[in-house]
Amino acid sequence: MLLFAVAMFFVSCKDESKDATTMIPADATYVAALDAGSVIEKAGVKVEGGEVVFPDSYKSLVDKGMSANDRQQLSAFAKAGIDFTRKVYAFGSGDFSAVGIVPVADRTAFKAFLEKTVGAGMETDGNLDIMKTGNSWLLISDEYFVCATPNPTVNDGEAETLVKNLVTNGYEQSIAGNADAMEMLGRDADMSFFADYKKLFEMSGSGQIVAQVYGDAFSAYLEAFRGIGATLNFNDDNIEMDYETFIDETEAVKQAEAILGKPSADGLKFIPADMQLVFSGAVKGEELLKLDAFNAMLANVKENPFITIDEIKSYIAGIDGPITIGYNYVDQIINRSSIPQVYGAIKTDKADEMCDKLRKSINSFGLIACTRVGDEYVVNLSSAAAIAFGSSDGFFYFRTAPQKVTESMYDDDLARGIFENVTGGLYANVRKGSRANSMLTSFAPELQFSAYLDGRNIDVHTSTIKLVVEEPQGNNVLETLLTILANAQMP
């Protein structure tokens, strides 16, 4: 982040420049773009007289976290001739595991900087300066610096030819011809990303998983995906990531979309007010049972003496609304041997039946007793651990903790506002006074902050998640995060 934040010395805008997207193949596995100029501006770091100038909020980081050599390197980077008025790109493809494309404003300055950094000289090949270091190829043209790492299946001779052609000629079939990708990369965002999700999984070594998924009943739905995209922005008081799927409206997709239930925050009534992580999704059980993929999964469930497939289908059909789950992850981290503290509620017209069936199934084991306590059933696992469940207001609810809900998260205006109008939501509380905040600040007393995660499904194709900092320090959240880093004196 600091490297991007100081590269503002030799900058220029050229009237004629090669579009970097022509250097990215149409079949790229993924492509990312960084608007470094925007990030630099938000970071509040400046270059004056060839030296990096940090705002006062960075003092701890500069004084305690940077040596004299670090400062010299940053100063050299500031004078390296990088043009951050244009976007920086990165991509992976069938030929390259990773390629970075950085605009250059002063080729001579950048070449000198790179040779000093790497500790080796570059050879001149036509209009290119070129060097091989380790498994990577480094090239500089009049406009770009390219760092490319070929895939292991590509030998050195092929790699050199591919890299030179990438910089000199680009690709005849480039990502510029992919309307979905260009729509994402053209968004007004600090960072943008587009990927072929199937190739991305294969590239990460999960090809077997992809093959399995495509071989099952979900394949008709997954085949409709053209790509996935995301943008990231550093705003005044939050970091926001928007996610989008590019998908054809096939019959399989329409069926999948039909399972989304009615938005509601009512499930929060069964979640304690101090819960650290809550997520919820609204489901229509009857529509879920119409999916071939879901029925194929049910077909793999073995018959047992406790519940039949028909009973399972009946309970699923009764679901119509939010399924809300709360989890206290901090308690699990502190005491790894404890049962995870989970609270949940399912909106269903089969709530009473589900309670009775679960009670009978537990008692039929003969190992532990399920007894009625007040308006719910309780299984005492030990003097300090219990599982409880019941039905109320059209919900089947459960918890893995003895404590009943007295103050619920439904009374939290922020939490309720996240869930009441969306088919899916996420809320993680790290605000002042919360247990999550207390644990994190106990490890670093100088790390003082108040924040929360706000995640929402906007519609069937788009969602957003925000990390909101309630008390920003400096001009915006980016400076706040770097200030927290400095105050925490993290290595």
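**Entry 1: the overall picture**

I began by counting elements and found 19 helices and 22 strands in the protein. Helices (H or I, at least four residues) and strands (E, at least two) are DSSP runs, numbered from the N terminus. I noted that this is a predicted model, in which local features need pLDDT of at least 70 and side-chain atom pairs count only at pLDDT 80 or more, while totals for chains, interfaces and linings use all residues. Residues are numbered from 1 along each chain as its sequence is written, and side-chain values use heavy atoms, with hydrogens and water left out.

Next I looked up burial: 45% of the 491 residues count as buried. Buried means under 20% relative accessible area, exposed over 50%, and partly exposed in between (1.4 Å probe, protein chains only). The accessible surface comes to about 24400 Å², and carbon and sulfur atoms hold 53% of that. These areas come from the Shrake-Rupley method with a 1.4 Å probe; for residues, only the protein chains shown count as cover.

I also checked contacts (heavy atoms within 4.5 Å). Of those with a separation of 6 or more, 66% are between residues 24 or more positions apart.

**Entry 2: helix α14**

Which residues of α14 are buried? In this helix, residues 309-317, I found Ile-309, Ile-312, Tyr-315 and Ile-316 buried. They sit on the same side of α14, because they cover an arc of only 125° around the axis, taken from the directions from the helix axis to the C-beta atoms. Their cover includes α12 (285-288), α13 (292-298), β14 (319-327), β15 (342-348) and α16 (351-365).

**Entry 3: salt bridges**

I searched the whole structure and got 24 salt bridges, each a side-chain nitrogen of Lys or Arg within 4 Å of a carboxyl oxygen of Asp or Glu.

Glu-143 and Arg-86 form one of them, at 3.7 Å, N to O. This pair links distant parts of the chain, 57 residues apart: Glu-143 is in the loop between β8 (136-140) and β9 (144-150), and Arg-86 is in the loop between α4 (68-78) and β4 (88-92). Both Glu-143 and Arg-86 are buried.

Arg-416 and Asp-413 meet at 2.8 Å, N to O. They are three residues apart in helix α17 (residues 413-419), so about one helical turn separates them. Asp-413 is exposed, with a relative accessible area of 55%.

Glu-470 and Arg-431 pair at 3.0 Å, N to O. Glu-470 lies in the loop between β22 (462-469) and α19 (477-488) and Arg-431 in the loop between β20 (424-430) and α18 (435-443), so this bridge ties together parts 39 residues apart in sequence. I read Glu-470 as partly exposed at 33% relative accessibility, and Arg-431 as partly exposed at 24%.

**Entry 4: Asp-454**

Asp-454 is in strand β21 (residues 451-457). Is Asp-454 buried or exposed? At 9% relative accessibility, Asp-454 counts as buried. Its side chain makes a polar contact of 2.9 Å with that of Arg-456. A polar contact is a pair of N or O atoms within 3.5 Å; within protein, one must be able to donate a hydrogen and the other to accept it, and residues adjacent in sequence count only if both atoms are side-chain atoms. Leaving out residues up to four places away in sequence, I found Asp-454 touching Ile-418, Leu-426, Thr-464, Ile-465 and Lys-466.

Asp-393 is not a glycine, yet has a positive phi of about 55°. I located Asp-393 in the loop between β18 and β19 (395-399). Asp-393 is exposed, with a relative accessible area of 60%.
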